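Look at the sequence and the model below.

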Amino acid sequence: MTREESLEALCVAFEKLDEDEQRGMIRLIEQMKRAHTFGLDVRFDEHTFTFFIADAATNTVVAPPPMNIPTVEAWLDDYEKSSQKNDTTR
């Protein structure tokens, strides 16, 4: 499957979601993009149907499952505050 075909399939699947589900997906995508700015990945654990956060470069889990989207947001909030604090103490 090409990238374009994958994106098309994703768009079709997204359109089939109800409004609340679409908002949840958008919220997840926002957190994934946010994590990426720190060199992190938000990943889905298929066994527990929950999320976890991994270092993108080393593939090391930094925040293990089970996490839901609000927990991912809170963890990234804390990580961001910690990063900002470390930047200002240098």
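Is glutamate 73 buried or exposed? Glutamate 73 counts as buried, at 18% relative accessibility. Buried means under 20% relative accessible area, exposed over 50%, and partly exposed in between (1.4 Å probe, protein chains only).

The model is predicted: local features need pLDDT of at least 70, side-chain atom pairs count only at pLDDT 80 or more, and totals for chains, interfaces and linings use all residues. Residues are numbered from 1 along each chain as its sequence is written, and side-chain values use heavy atoms, leaving out hydrogens and water.

Helix α3 spans residues 69-88. Helices are DSSP runs (H or I, at least four residues), numbered from the N terminus, as are strands (E, at least two). The buried residues of α3 include Ile69, Val72, Glu73 and Leu76. Seen down the axis of α3, its buried residues fall within an arc of 95°, so they line one face. That arc is taken from the directions from the helix axis to the C-beta atoms. The face turned away carries exposed Lys81 and Lys85.

Now the charged pairs. A salt bridge is a side-chain nitrogen of Lys or Arg within 4 Å of a carboxyl oxygen of Asp or Glu. The count comes to 6 salt bridges, among them these:

| Pair | N to O distance |
|---|---|
| Arginine 23 and aspartate 20 | 2.2 Å |
| Glutamate 73 and arginine 27 | 2.6 Å |
| Arginine 34 and glutamate 80 | 3.1 Å |

Glutamate 73 lies in α3 and arginine 27 in α2, so this pair ties together parts 46 residues apart in sequence. Arginine 34 is buried, with a relative accessible area of 18%. Glutamate 80 is partly exposed, at 29%.

How values were computed: Expected span 1.5 Å × (residues − 1).
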